[in-house]
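Please consult the sequence and structure shown here alongside the text.

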Amino acid sequence: MTDNSGTEKATHPDPGTAQQAGNSAAHRPTPADAASHAEATPRDPGTPKPGTPKPESPKPHAVKPVAGPAAEHPHPVPVTTPAGSDPSRWGRVDEDGTAWVRTADGERTVGSWQAGDAAEGLAHFGRRFDDLATEVALLEARLAAGTDARKAKTAATALAESLPTAAVIGDIDGLAQRLQAIIEHSDEAAAHAKEEKERTRHEQTERKEVLVAEAEQIAADSTQWKSAGDRLREILDEWKTIRGVDRKVDDALWRRFSKARESFNRRRGAHFAELDRERAAAKTRKEELCVRAEELSGSLDWAGTAAVFRDLLNDWKAAGRAPREADEQLWRRFKSAQDVFFAARNAAASERDAEFEHNASAKEELLSAYEGVIDPAADLDAARAGLRDLLEKWDALGKVPRERIQELEGRLRTLEKRVRDAVDAQWRRSDPEAMARAAQFRERVAQFEEQAAKAQAAGRARDAEKALEQAKQWREWAEAAEGAVSQR
């Protein structure tokens with residue numbers, strides 16, 4: 001619009017209109033939506049009229065290539081697109097629809113808006129600037145990530161050349177500076193990418209050299225045939241993933257690797273040929289062991305034959321492996337003979353266990369009967385007689401399961417201690433010397449009974465019987481000593 005003096009003034013939207021334009025920019029439509037809204041028709045830029053306000057000087061947004069780890073990272077850098085700039089800071093749309101943008105060189109027209117009010121037109125040209133700024137941000141990200149520096153330069157140059165006639169409203173000068181920074185630094189980024197490629201080639205060559213050295217060491221020294229063969233296959237798989245090595249260098253390294261594999265395969269073949277001879281000898285030895293096991297399968301000497309079977313099993317392991325099919329067949333034959341013997345032994349053991357359980361129940365009933373009868377405090381002589389009777393019946397009942405020994409023997413020793421304590425008290429009242437001697441005898445009885453219990457728990461039946469016989473002898477001497485004291 002023009003004031004009375006004839007000087008043209010820049011028209012700016014009121015606060016409400018600016019807010020509406022900002023909201024429209026925040027919700028950017030697709031190109032199809034923009035086309036359906038209106039057609040922005042660019043026209044020849046006009047000469048700014050006197051009195052046009054000079055735009056604010058834009059701040060530079062130069063972006064330099066990232067050096068160090070960031071440039072080496074193969075993944076793209078996240079791009080931040082503009083959240084919607086305020087086009088009213090950089091231009092205007094007149095009431096007649098003429099759109100203007102302000103740059104450092106002055107104000108120029110960018111098009112005409114006829115599809116709505118001025119605020120909508122301003123938002124439209126602002127969105128077009130945001131789209132342009134997004135393209136620049138993508139180029140900056142590509143340059144920062146070291147991706148296609150030369151292509152980024154070409155695209156930036158084309159965008160920079162289009163800015164003077166771009167039909168947009170926004171910080172065009174700032175966008176131009178950002179594009180110039182991309183152009184200036186693209187050559188540096190391309191050189192850095194070349195250096196990175198050379199560094200990668202060197203690293204990949206070193207990786208293959210390390211793999212070749214390991215393969216040569218395996219071929220020369222390793223005797224772990226399976227693990228070494230597996231490792232050579234792993235090296236081959238890893239070899240296939242390494243790219244970027246110079247062709248001549250790669251061919252030379254491959255020849256070394258192939259030679260190492262062939263050497264290893266020859267040594268492994270010689271080893272297994274010798275192994276076949278050893279397996280034939282192992283087959284003969286295992287056949288002999290099967291014959292011996294079958295001879296022993298009907299034995300009733302449980303302990304002795306079980307020990308022989310353990311020795312046969314050790315011989316079987318020491319014989320080595322026969323050929324697979326023969327080895328499996330011979331093992332089934334050997335194990336079948338072994339199972340016959342141990343099944344018979346287990347059946348006998350089950351019968352014995354049933355007998356031991358019966359003995360345990362009988363001893364428990366015997367203890368229950370005498371625990372209420374033996375009372376040294378009421379009648380010491382009767383208590384001693386009852387204890388002797390209990391011990392005779394106890395020995396006659398035989399063995400009990402190992403896990404019941406401690407419980408039942410503990411109850412028996414409790415009864416013996418009650419009687420012994422009463423006898424000791426009587427001795428102390430009668431003859432200290434005889435009392436001490438009898439006490440020593442009782443201690444010996446207790447020692448041998450304890451030895452018998454431990455031997456029984458460990459399965460040493462003969463040692464347990466011997467200890468019980470000695471305990472019985474000392475008990476007789478103790479009872480004789482006690483009898484001599486009581487007769488006084």
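The points below cover the basis of the model, the salt bridges and the sheet.

The model is predicted: local features need pLDDT of at least 70, side-chain atom pairs count only at pLDDT 80 or more, and totals for chains, interfaces and linings use all residues. Residues are numbered from 1 along each chain as its sequence is written, and side-chain values use heavy atoms, with hydrogens and water left out.

**Salt bridges**

- A salt bridge is a side-chain nitrogen of Lys or Arg within 4 Å of a carboxyl oxygen of Asp or Glu; by this rule the count is 30.
- One of these pairs is R231 with E214, whose closest N and O atoms are 2.8 Å apart. R231 lies in helix α7 (residues 225-241) and E214 in helix α6 (residues 172-221), so the bridge ties together parts that are 17 residues apart in sequence.
- Helices (H or I, at least four residues) and strands (E, at least two) are DSSP runs, numbered from the N terminus.
- K335 pairs with D339, with a closest N and O separation of 3.1 Å. Both residues belong to helix α10 (residues 324-371) and stand four residues apart, about one turn of the helix.
- In a further pair, E465 and K399, the closest N and O atoms are 4.0 Å apart. This pair links distant parts of the chain, with E465 in helix α14 (residues 461-486) and K399 in the loop between α11 (380-397) and α12 (402-430), 66 residues apart.
- Salt bridges that share partners join R92, D94 and E107 into one network.

**Accessibility of the paired residues**

- Buried means under 20% relative accessible area, exposed over 50%, and partly exposed in between (1.4 Å probe, protein chains only).
- R231 is partly exposed at 23% relative accessibility, and E214 is partly exposed at 28%.
- K335 is partly exposed at 33%, as is D339 at 37%.
- E465 counts as partly exposed at 42%, and K399 at 28%.

- Three strands form an open antiparallel sheet in the order β1-β2-β3, where two strands pair if DSSP finds at least two bridges between them.
- The edge strands, β1 (91-93) and β3 (106-112), each pair on one side only.
- β1 and strand β2 (residues 98-103) pair over three bridges in the antiparallel sense; the bridge partner of R92 in β2 is W100.
- Helix α4 (residues 118-144) lies across β1, β2 and β3 and runs at about 135° to β1. Contact means heavy atoms within 4.5 Å; axes are lines fitted to C-alpha atoms, for helices over the stretch in contact, and angles run from 0 to 180 degrees between N-to-C directions.
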